[in-house]
Every structure is written in C-alpha cells, then in structure tokens.
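Here is a short briefing on a protein structure. Look at the sequence and the model first, then read the points by topic.

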Amino acid sequence: MNVEQQVPEAVREALAPRFSVVPARRTRTQRRTWLDTFDWRLHRAGLTLECVTGRGPAELVLSGMAGERITAAANGTRWPALAGALPSGPLRDRLKGLTEVRALLPAAKAASTVSEFRLCNDDGKTVAWLTVEHLHAATPAAADLPPRLSVTAVRGYQGQAERIARCLTAQPGVLPDGLPALDAVLATGGVAPGAYTNKINVALSATMPARAALTAVLLRLLDTLEANVPGTVRDIDTEFLHDLRVAVRRTRTALKLGAGLLPAGLASQYRPAFKWLGDLTTPTRDLDVHLLTFAAGAAELTSASPDDLAPFHDYLARRRAAEQARLARALRSARFTELTTAWRGALEGRTAPRHGPDAAQAAAKIIGRAHRRVLGRGSAITAKSPPEDLHDLRKRCKELRYALEFFASLYDPPTHRRAVRELKGLQDCLGTYQDCQVQQEEIRVSATEMLAAGDVPATALLAMGDLAAHVGQRERQARGEFASRFAAFASEPAQARFRALVAGAGS
Amino acid sequence: MRILATYNIKGGVGKTAAAVNLSHLAAADGLRVLIADLDPQAAASYLFRVRPRVKGGGAGLIRGSRELDKAIKGTDFEGLDLLPADFTFRNLDLVLDDTKKPTRRLARLLRPLAASYDMVFLDCPPGISLLSEAVLQAADLVLAPIIPTTLSVRTLDQLTEFIDGLDGHRPAILAFCSMIDRRKRLHRQIAEQLPAERKDIAATAIPALSLIEQMSVRRAPVTAFAPRSEAARSYARLWAEVRARAG
C-alpha cells in the first residue's frame, strides 16, 4: 500500500478535528548509505555520515547531535574511501581529523521513500510538517522497517507542533523518539553501532577459574583477528592489518605467559602457527609505517627537495603492493583457515578445571612476572648496550602491556589507566628507536636494489641519504631519551603503584 | 539586508497585494524574506493565514520589552516569514512618540534581523504619521503604488517632497501604476506615459484583475495559487524591476 494512503489516514484520525493533514510534496525515493570507519570513529564522535542518492546528484550529509550539519556533493566517490579522497571543503576537513588513516566504508544501506504532509490548523495555516519515511534495509540485512514519522514545527508554532507530536505518540504502535534511522537499519542484521573495538573488552571476575578467563581473552582476540581478515585482504586501509597483527601478537603473548593455565601441550602446539602468522604480517606493516610517515620525513629534508624522493616512494609502494598480495594470498589459504578453525575449536571445546588458580591470582602472577622482566632487562641496559637489547626490552614491554590489557577488567580503571600510561611512555621511546632502525635498514636495502635495477636518478639517492640522516637523528634522540624514560618507569613510586594495582585485583 | 516599504499616503491602492506577492516572489528566488505587517487592519497577516496577534502588542515590540524575533511566524512558503499585525498597532504613533529618537526606532529594531534575512518588506498603513517617518528612515527603497489619476500623481509628488525634506537617511522611491482598469482610456494613457516621463515610476503596471481580489478568498499570494496568470506575471515583471533597483 502506498504510504500516502496508509499512514496519513491513521494520522488524520488522530489529529481531527483540530488539525487537518494535506499532502504537500510528491513522494520521493532515495538511496541512503551510512558511512563510518570500521572502528566507528564517527559514531563515537556523535556524528552520522550518509550518502543520499535521489533524483539529483548524490549528496554527503554529516550531522551531529548538537545540530551540526555539513553537506557536500559526493562527486562519484566510490566506497571505501579515505576522507582525504573526498571533494575538498568543510566536510572533508571535518572528517579528515576524525578518521585519520581509516577509510570510510558503508555500514548500512537502505532504500527510503519519503512523503511530506502539511499539518494545518482551522485557518488552513500550516503549523507543522509531517514526514513519513519508509525504509527498506538492504545492508546488513534485507528487511522492511516500520514507517518513521517526524513532526517539524513551522516557526512560531512550536506549541501546536508539540501538541501534534503528543497526540501522535499516544496512538497505539507509535513510539516516541525511536531509534535513529542508522541504528534501526543496523538492527535488522543484529549489528549495534560502535560494536567493533580492537580493545580486549572481556568482563572477567576475580574469582573465576584462570583458564576460563584466559580462554575468554583468547576467544576475543580470535574474534578481532577474524574481523580484520576481509579488510586486510581487500586492503581497505592500513589499520585492518595493524589490528590483525596486534591480535596475533597478543595471542602469542597469552600463549607464552599463560601456557601453564591452558591444557597441556596446547600452547606449544599453537605458538609456531601464530609465529608464522605474525611473521607473515611484518613486511607489509613495516612498509605501511614507512609510507605513512613518508610525507613527514620528506618535509624534514635539508639538502634535497621532497620531490626528489618520488622514485623512492614509488619503489616502496611497489614493494608494498607485492608484499600485500603475498599476505592476502596467505590469508586466503587453507593453512590459515585451518589454523583459525582448529584454534577456535580448541578454545571452545574445553571446560575449565575445577581446581587451579583463579583469575586474580593468575593475573597477579603473569603481570608480576612480566613486570619483573621489564625491570630486569631495562636495568641491564647501559649507554654501550647493542640495539638488540633495546629491541628485546621493547618486546618485554609489549608483553607487559598486553598482560595488563588481558586482565584490565579486574582492576580499578583509573589505577589501571595510570599504569598503562606510565608503561606507554617507555614503549613510545623504544618504538621510535626501533622504527627508525627498521626504516634506516629499509632505505639502505632499497637504495642498493634501486641502484642494481639501474633506474634511479642520483637526486633520489642523495635525497634518500638525507632522509636516512634525519631518521638516524631521530633514532639517536630516542636512544638518548631512553635512560630518563626507563628511570621514570622504574622509579620507586611507580613500582609501588604497580604493586598496589596487581594486589587490588577484583577489589 | 535590504528593507523595502510598500507605502502610500492614500489607502486602497494595492500596497498589501504588492507586499504579499513581491515577498513571495523574493522568497521563491531563494532570498530569506520577512514581511512585517505594520497595518492594524492586518490584511497581509490574513492573506498568509496568520492570526493577527503579537504578545505584548505594538508597545512591547517598539519599547524592546518583547523580542521582535520571537513574534515572527513562518508562512506556508519556504524562505518567507511574517511579523503579524496586532490591533494595538493602531497606537504605534503614540508608542513611538514616547521613545527617544522615535523616527529611528524602527530601523534600530530591525537591524538585528540582518543575520537572518536578505530582504524585509514593510507593509505600511496609509497616511503621514510618525510611523511613516520611522518607516522611511528604515527603508532602503519605498514602493509606492499609484492609481493612474492626476490626483494620485500629485500624491506621489507630495511623498517625494516629504522624503526630500527628511533629515539624514532618505530612501529611494519606486512608484508603480496599480489597479489599472484597462477599460478606462485615462488609466491606459497615464500608465503608458508616466514611466516614459519619470524615472521613479516602474515600467510595469499592475492591472485590476479579479484574480488579485481572489487572494482574500484563497488566502494566498496570487503568485502562489495562479503562477501562470496575467496577475502573477505582472507581479513577476515588477519584482524583476524592484530587484534590480533594490540592489
């Protein structure tokens, strides 16, 4: 049945005799595509972005809860797309800062039929507009949604519009302030906006068996890993691989630090498989990091122009494309599918033993051990220590960070956040040092290979030298900062806070 | 924001019909338009189906105790709002007389609306009064409908003299022949001669048509309910001249 015939009849009866309902404009149909990053950055910022296609050119509409509304022509943008690829203007500027490296991709799609009606008083004066929208969801699932009614007051007639709204919501089957259209369309597929996060948001209790706690964490990590596979294979943006890689590293850490809590032999069985997976992701990620920081590095050149680096950029991009293709093949392979299937089966098929440590005890032991390792390795580092020692310390820091994240739900949030922040200060320093080393090596290897291929101009090689020098400078700076960063982390007050945190699990 | 006033010393010459149709055409052109019904007879309010009532009355608005912005109503047409009349507007002269610098009061009250509107039409009551002076001080352009008779032309000259005699701000004036009865030779002659002889008279003349009278039955601008009629086309031509003159 046509919307114009169906909905207003009920509305007409509800509003009579005080107000009359008059069809106003022709019913219009639109295609609505809601866009967000995979990790819902716009939703988290209280924003909704949609691409509306009707009779005219497609339009992008960004709206916020505080009434913010920015529109722009979509200009044939194909999704997924980075915000930087959108037509220049206020909408792109607003989105770029929020989405950063994440691509915008369709979160939901629906066909919309909108009819508008004038709601008139007994003078025949329009006092409000009634909009009736029928949504037929297409993504995440096909479904017809109940009609959505909205009443907009004409200026100066707010009181009458409110009376109309009250009158309509008193009708059976009409719900006031229903779900926003996006949420309603997502609900057809059982999806809640903001559902994805790369955080380990598992609610553990201090007294639950430690094996059950660790299994819950590992299953959550497997969910995250699998959620990021399609985006990594399609190469939608670099964060899919990043999140997938972090899930693998966290899994490896859990298998290493929590091996004793799992059934005998399980950790040793799967550790090589996850090492294979981790190693598989390294070349593409290293090249991603290099390319993501390329523009900033090029801007620092002193004796060369950023344009001189174009051949190097092209070379890195080609290498990345080759590595990405290799990674995508591996993620589509039977070996990978068998690994994740078997791993899920192994985790889901086990019941927790009746005896053994509880989650709080296990967390204290694992975090305490990881913390001691960081303190031990870090204290042994001197100005003369080789880079490998710092690299090793970085790995231990990551293990500690992950252990803190696994059991985060057991601790007082502010105390936990402070411990993570203090560790992060040290990690950032070690991360910069390590990234600089990888990049310098990348520049050296690339220069050699580009030279051997015989198609590199001398200006590019000189610029690469300049770039390597700047990276080296950053590396030395990070190395110089290490002692003070570690001293802050290892200070007696920080250690006391750490001990108090671990001891306070579940309290 | 440009302020246009439909004004004449004489009544019943088509001021309100011009204000209503021109403001509708201006909004249809994409301008943000306000029509202020300053006439206590409230004909413009009636034509837009808005009840002629303003909280606090004319005194509240003129003295500033009631915000002008809050008295404004949306019409049924996109981009066109209306400040309704109120029966107390019959005393606006007395209220103005009670304020400091009464002739500049209206201009001061309208100034804050510049952020919301591109054009304001003031639909004025007939006569020469303190309110008329305040309107002329506020307006950029006065639209004066005249019935093509010798007496009407004399009235236009009186108005022009009156404006020339004002201190400070003096609005431009654009008169136009209104309510032309095509059966009357004198009407036709004057309507043709005047624009050729005087630059302050628009080339477009508005004929006396029953469709224009029907506005009070349909309660809408003729440009809205009969956009292809001769009446609507005449107002459209006049709007083109007004828009060019208003800048």
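Leaving out neighbours within four places in sequence, Arg250(A) is in contact with Leu221(A) and Tyr402(A). Two residues are in contact if their C-beta atoms, placed from the backbone, lie within 7 Å. This is a predicted model: local features need pLDDT of at least 70, side-chain atom pairs count only at pLDDT 80 or more, and totals for chains, interfaces and linings use all residues. Residues are numbered from 1 along each chain as its sequence is written, while chains are lettered from A and ligands numbered from 1 in the order in which they are written.

- Arg250(A) sits in helix α8 (residues 238-257) of chain A. Helices (H or I, at least four residues) and strands (E, at least two) are DSSP runs, numbered from the N terminus.
- Arg250(A) has 26 other C-beta atoms within 10 Å, so it is buried. A residue is buried if 20 or more other C-beta atoms lie within 10 Å of its own, exposed if 12 or fewer, and partly exposed in between; these C-beta atoms are placed from the backbone.
- Thr48(A) is 202 residues from Arg250(A) in sequence, and their C-alpha atoms are 32 Å apart in space.

**Confidence in chain A**

- Chain A has a mean pLDDT of 92, and 96% of its residues reach 70 or more. pLDDT is the predictor's confidence in each residue, from 0 to 100.
- Over residues 1-5 of chain A, pLDDT stays under 50. The model has 10 contacts beyond four places in sequence for residues 1-5 of chain A.

**Domains and chains**

- Chain A is assigned domain 1 (3-187) and domain 2 (210-503). Such bounds come from an automatic or database domain assignment.
- The C-alpha centres of domain 1 and domain 2 of chain A lie 42 Å apart.
- In chain A, 7 residues of domain 1 are in contact with 7 residues of domain 2. The domain 1 side of chain A that touches domain 2 divides into 6 nonpolar, no polar and 1 charged. Ala, Val, Leu, Ile, Met, Phe, Trp, Tyr, Cys and Pro count as nonpolar, Asp, Glu, Lys and Arg as charged, and the others, Gly among them, as polar.
- Between chains, 7 residues of chain A are in contact with 9 residues of chain B. The chain A side here divides into 1 nonpolar, 3 polar and 3 charged.

**Backbone features in loops**

- The peptide bond from Ala16(A) to Pro17(A) is cis, with omega near 0 degrees. Pro17(A) is in the loop between α1 and β1 (20-36) of chain A.
- Thr139(A) and Pro140(A) are joined by a cis peptide bond, with omega about 10 degrees. Pro140(A) is in the loop between β7 (126-139) and β8 (143-144) of chain A.
- Trp40(A) is not a glycine, yet its phi is positive, near 60 degrees. Trp40(A) lies in the loop between β1 and α2 (41-44) of chain A.

**Strands in chain B**

- In strand β7 (residues 172-177) of chain B, 5 of the 6 residues are buried, so the strand is largely enclosed by the rest of the structure.
- Strand β6 (residues 141-146) of chain B runs parallel to β7(B), joined to it by 6 bridges. Strands pair if DSSP finds at least two bridges between them.
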